[in-house]
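Morning, everyone. Please have the structure up on your screens while I talk.

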Amino acid sequence: MTEAERDEDLVRRFRAGEPDAFTELVRRHQQRVYSLCLRVLGDADAAADVAQDTFITVLRKLEGFRGEAAFTTWLHRVAVNACYDELRRRKRRPALHVVPEEGSDREPGPPAPDHADEVAGTRDAAAALASVPEEFRVALVLADVQDMAYEQIAQVLDVPIGTVKSRVHRGRLALAAALGIAPEAREPSTRPGASEEEP
Amino acid sequence: MTHPLDRLAPFADGSLDPAERALVDEHLRSCARCRDEVAAARGARDAVRAMPVPAGPDLASVFTPARISELTTAHPQRPAWAKVAPAIAAAAVVALVALALPRLGGSSGDAGTTAADAAAESGAGAAALRLEIADTDYDELALRAAAGAFVASRAVEGADVGDRATAGAASPAAAGATRFAGPGRTERAIACLHRAFRGFPGDIVRVQQAAFRGTPAYVGFVLEGPGAGTPPDTMSIWVAAVDDCSILTLTSARL
């Protein structure tokens, strides 16, 4: 098994009865899926759970994967849907939700004194990101954390590319406002021509 | 003035093609508002990209070929993380263990009733294991007490257990007293216990994340029997380290 082997080849080998090909797919993509979940959910433990659920879903649906989209696009779609499911669960059942937002066992350890400002800044940024509306946050994370092209994000989210650009821009403005780096507070949706569905 | 709103995102991150970039540049020269937005968008993008992402869990070690086979051949109507729970772990059994636990070393008095709540919530007969987040720091004595308490609770029979479980579930004071982790974390805990206690017989009917002598630990409550449909005759408690899934201790009692 080599890195040169394409994801789609691994999918084919898995479907031909080689389970270790799926293990390789997990090894290859687990960190990216976890990063996406962490930034969308803002909770390290929930991100670990949802990342694992994502691969369980992928495993179960792989037989039906026809390859119309790239494997990574499909994987991100499953991961984003799993994140939305988790966000819905939180709203529905807050009493059972465990929220170790900071200081969880997967976050970096206690800050050394000379890194205290940096860690505090990270926490501020995480809190600011969590305040960005979900749809904008997902688009922003796909663009700025996952470094995906707008075309691919449009495929992941199954929305027009203009909608993606609009969501990313609004997400960035909302984040900037939460971080206090916006030049002045503005409501982006009040701008003329700012309709999200603009193509 | 028409603002090039659909171009500001790719302009801010540099992915706009040169011709369109020139058009936006031209617009920005006369539009302070769009200039401000681009500056803010760039600041936000820089901030989010500067956030360090800690290493995630090693999921490749969870999705072993054996586990993959298990997940793909398991009954599709049961959640993945319940696959390791056997048919024997019916809600009444879960409730039975739950009722025993409040008497265990340092465990919250509400833990049992809310576990019964979870069992009731999962539906009659469902064996939906959920990882409980417990503050308990067990030692050998507390674990032996746990096993002993479970054995003693076996004297309480079927209908009685059902009534008590229902009463516990209905208690408003019990709601939310025990914290539960999600399915992925539950599955990892169970996988860790199975890895530590590979080859050991028995079925996990309850699982906790707690501590054993100060070491973060997964604690599995396990029923063992001779098989072939015969009722379980032994109760064990498996304790494995969260960090490396090594065995920390094991205790058993005859039912």
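This is a predicted model: local features need pLDDT of at least 70, side-chain atom pairs count only at pLDDT 80 or more; totals for chains, interfaces and linings use all residues.

Chain B has an open sheet of six strands, in the order S2-S1-S3-S4-S5-S6. The pairing is mixed. Which strands sit at the edges? They are S2(B), residues 179–180, and S6(B), residues 247–254. Each of these pairs on one side only.

Start from the S2 end. S1(B) covers residues 132–138 and pairs with S2(B) in the antiparallel sense. Two bridges hold that pairing. Look at Ile133(B): its bridge partner in S2(B) is Arg179(B).

Now move along to S3(B) and S4(B). S3(B) spans 203–212, and S4(B) spans 215–224. How many bridges link S3(B) and S4(B)? Nine, and the sense is antiparallel. Find Phe212(B) and you will see Thr215(B) as its bridge partner in S4(B). The two strands form a hairpin with two residues between them. Arg213(B), in that hairpin, takes a positive phi near 50°.

Stay with S4(B) for a moment. Eight of its 10 residues are buried, so this strand is mostly covered. Buried here means under 20% relative accessible area. On to the next pairing. S4(B) and S5(B) run antiparallel, joined by eight bridges. Gly220(B) stands opposite Trp238(B) in S5(B).

Over to chain A. Go to Asp7(A), in helix H1(A), which covers residues 7–15. Is Asp7(A) buried or exposed? Its relative accessibility is 10%, so Asp7(A) counts as buried. What does the side chain of Asp7(A) make a polar contact with? With the side chain of Arg28(A), at 2.9 Å. Leaving out residues up to four places away in sequence, Asp7(A) also touches Leu25(A), His29(A), Phe71(A) and Thr72(A).

His29(A) takes us to helix H2(A), residues 19–41. H2(A) bends by about 50° at His29(A). Why call this helix largely enclosed by the rest of the structure? Because 18 of the 23 residues of H2(A) are buried. After H2(A) comes Gly42(A), with a positive phi near 70°.

H3(A), residues 44–61, packs against H9(B) at about 85°, and the axes are 7 Å apart. The two helices are therefore roughly perpendicular to each other. On the H3(A) side, the contact residues include Asp45(A), Asp49(A) and Asp53(A). On the H9(B) side, Arg185(B) and Arg188(B) are among them.

There is another crossing to look at. H6(A), residues 134–144, and H3(B), residues 32–50, have axes that come within 10 Å and cross at roughly 70°. That makes H6(A) roughly perpendicular to H3(B). Which residues meet there? From H6(A), they are Leu140(A), Ala143(A) and Asp144(A). From H3(B), they are Arg45(B), Val48(B) and Arg49(B).

That's my tour. Over to you.

Key. Residues are numbered from 1 along each chain as its sequence is written. Chains are lettered from A and ligands numbered from 1 in the order in which they are written. Side-chain values use heavy atoms; hydrogens and water are left out. Two strands pair if DSSP finds at least two bridges between them. Helices (H or I, at least four residues) and strands (E, at least two) are DSSP runs, numbered from the N terminus. Contact means heavy atoms within 4.5 Å. Axes are lines fitted to C-alpha atoms, for helices over the stretch in contact, and angles run from 0 to 180 degrees between N-to-C directions. Buried means under 20% relative accessible area, exposed over 50%, partly exposed in between (1.4 Å probe, protein chains only). A polar contact is a pair of N or O atoms within 3.5 Å; within protein, one must be able to donate a hydrogen and the other to accept it, and residues adjacent in sequence count only if both atoms are side-chain atoms. The bend at a residue is the angle between axes fitted to the seven residues ending there and the seven starting there. Angles under 35 degrees count as roughly parallel, over 145 as roughly antiparallel, 65 to 115 as roughly perpendicular and the rest as oblique.
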